[in-house]
Amino acid sequence: MKRGTIVLLLACVTLALPARASAHARSATVALDYRLVLDRETRSLPGVTVGILDGDRSLHVVTHGSTIVVDGDLGESMLRIGPAGVWVNQASVTAAAEKLATAGHGWKKLSSATAYTWHEHRLAPPPWQSRTGAVAQFAIAAKIDGKRAQIGGTFVRYSRPVMWPWLGAALAFAALVVLALRLGRPLTTALGALAGLAALASLVAFSVADAPNGRVAWVQIVLGIGLGAAMYGALVRAHGPRRSAIAGLLGGAAAAVSLGSLGVFRHGVVISALPATASRILVEIAFIAGVAAAATSLRRESLR
C-alpha cells in the first residue's frame, strides 16, 4: 500500500506542477510587479482587437476582416494577420529573434486563423524602481489595411502586499494545530483533505489565468482533478493508520505544489482567475495545512 501510494503521490505532484509545454518552456506565472494597460487608441483600432496575456508578456491579436502588419525592432514588417491567415516575414531580424521563423526570405504561412498570440520582448517591464503607478510606456508600430497604426500602452507598477497579516494568520493557524494535538484530537485527515482542496483550487485558478499562447492547459487541469479525486477516493476508503498516512502524503503533495506559488506574497499583481486575496488565502491554507498534515502523520508513525 505504501509503495502504491508513493507512486500515486509522485504522479499527482508531477502533473500538478505548472505545464512546460508552451512555446517558451517555463512554469506558470502566478504573480508580477507590473500590469500592462493598453491605451485608448489601441483598444479602438479599426477591425483589430488587441489583448495582453500578463503571465507570459504576450500579445494576442484578433482581426475582424482587416489585415494588420506588425513591425519589428528595425521597422521591418514582421507579422501579417488577416483573412488570409497568419504570415511571418522570414527576412525579419525581429521574427528570428522571437523564434517565430528561421532566417530566410519571403513570407511563410504560420496559420489559417485570423488571430495569433506570440511572446513579445517589447513588453518586458522596465528596470525595477520603487515608485508605483505608471512608470513607462511601450509602443509597437504596425499598419492596418496599409494605414499606419500603433499598439501602445503603459507599464503600471503595483506595490507589494503587506506581509504581517499573512504571517499572523499563518502563526495563528499553526498554534491551533499545536493546541489540538496537545488535546489529543486527530487532525491529520482533516488537514490533508483541506490542504489538497486548497492546492487543487489554486492550481486551477492559476492555470486558467496564465494561458501561454492564449490556450488554457485544460488537459493538465483535468488530469490534476482526476488524480486529486483518486487520492480522495483512497482517503475515504482507508481506515486507521492507513488513512492517516494517505492524508499525510496528500498534505505533503499540497505543500510541495504550493511552494511555487509563494510569490503571490511578494508581488502586487496576482495572475489568477480568482481575486488576489482569495488566491493568497488558498496558497497559505495549502502550504500551512499541508505541512501540518505531513508533520502530524510522521509524528503518529514515530509514536507507533
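**Helix H7**

A: Helix H7, covering residues 240-259, has 20 residues and reaches 29 Å from its first C-alpha to its last, which is close to the 28 Å expected at 1.5 Å a residue. The model under discussion is predicted.

Q: Which residues of H7 are buried?

A: The general idea comes before the case. An α-helix has 3.6 residues a turn, so residues three or four places apart point the same way. In H7 the buried residues are Ser244, Ala245, Ile246, Ala247, Gly248, Leu250, Gly251, Ala253, Ala254, Ala255, Val257 and Ser258. Alanine 245 counts as buried because its relative accessibility is 18%, and buried means under 20%. Between alanine 245 and alanine 293 there are 48 residues in sequence and 9.3 Å in space, C-alpha to C-alpha.

Q: What does the secondary structure of the chain come to, and what percentage of its residues count as buried?

A: The chain has 8 helices and 12 strands. Of its 304 residues, 44% count as buried. Among contacts with a separation of 6 or more, 62% are between residues 24 or more positions apart.

**Nonpolar cores**

Q: Which residues have the most contacts inside the largest nonpolar core?

A: The general idea is this: in soluble globular proteins, nonpolar side chains tend to be buried together. Here the largest nonpolar core has 30 residues, and those with the most contacts inside it are Val50, Leu59, Ile68, Leu79, Leu100 and Trp118. Strand S10, residues 133-144, gives the most to this core, with 5 residues. A second, separate core has 11 residues, including Val177, Leu191, Leu282 and Ala292.

Q: Which residues does tryptophan 118 touch, not counting residues up to four places away in sequence?

A: With those sequence neighbours left out, tryptophan 118 touches Ser58, Leu59, Val61, Val70, Met78, Leu79, Ile81 and Leu100.

Q: Is serine 58 buried or exposed, and in which strand is it placed?

A: Serine 58 belongs to strand S4, residues 58-63. With a relative accessible area of 0%, serine 58 is buried. Not counting residues up to four places away in sequence, serine 58 touches Gly51, Ile52, Leu53, Thr117, Trp118, His119, Glu120 and Leu123.

**The open sheet**

Q: In what order do the strands of the open sheet stand?

A: The order of the 7 strands is S2-S11-S10-S5-S6-S7-S8, and the pairing is antiparallel. Strand S2 (34-38) and strand S8 (107-111) stand at the edges, each with a single partner strand, so one side of each has no neighbour in the sheet. Neighbouring strands are turned by 30 degrees against each other on average, direction ignored.

Q: Over how many bridges do S2 and S11 pair?

A: S2 and strand S11, residues 147-157, pair in the antiparallel sense over 5 bridges. Valine 37 stands opposite threonine 154 in S11.

**Salt bridges**

Q: How many salt bridges does the structure hold?

A: The structure holds 5 salt bridges. One of them joins arginine 160 to aspartate 33, with the closest N and O atoms 4.0 Å apart. This pair links distant parts of the chain: arginine 160 is in the loop between S11 and helix H4 (164-182), and aspartate 33 is in the loop between strand S1 (31-32) and S2, 127 residues apart. Arginine 160 is partly exposed at a relative accessible area of 47%, whereas aspartate 33 is buried at 11%.

Q: Where do aspartate 71 and arginine 148 lie?

A: Their side chains meet in a salt bridge of 3.2 Å, N to O. Aspartate 71 lies in strand S5 (residues 68-71) and arginine 148 in strand S11, so the pair ties together parts that are 77 residues apart in sequence. Aspartate 71 is buried, with a relative accessible area of 3%, while arginine 148 counts as exposed at 57% relative accessibility. Asp71, Lys143 and Arg148 are linked in a network of salt bridges.

Q: What is the N to O distance in the salt bridge of aspartate 73 and arginine 122?

A: The side chains of aspartate 73 and arginine 122 meet at 3.7 Å, N to O. Aspartate 73 is in the loop between S5 and strand S6 (77-82), and arginine 122 is in the loop between strand S9 (115-119) and S10, 49 residues apart. Aspartate 73 is partly exposed, with a relative accessible area of 47%, and arginine 122 is buried, with 17%.

Technical notes. Residues numbered from 1 in each chain as written. Predicted model: local features only at pLDDT ≥ 70, side-chain atom pairs only at ≥ 80, totals over all residues. Heavy atoms only, no water. Helix = DSSP H or I, 4+ residues; strand = E, 2+ residues; numbered from the N terminus. Expected span 1.5 Å × (residues − 1). Buried < 20%, exposed > 50% of the residue type's maximum accessible area, 1.4 Å probe, protein only. Core = buried A, V, L, I, M, F, W, Y, C linked by side-chain atoms within 4.5 Å. Contact = heavy atoms within 4.5 Å. Pairing = 2+ DSSP bridges. Axes fitted to C-alpha atoms, helices over the stretch in contact; angles between N-to-C directions.
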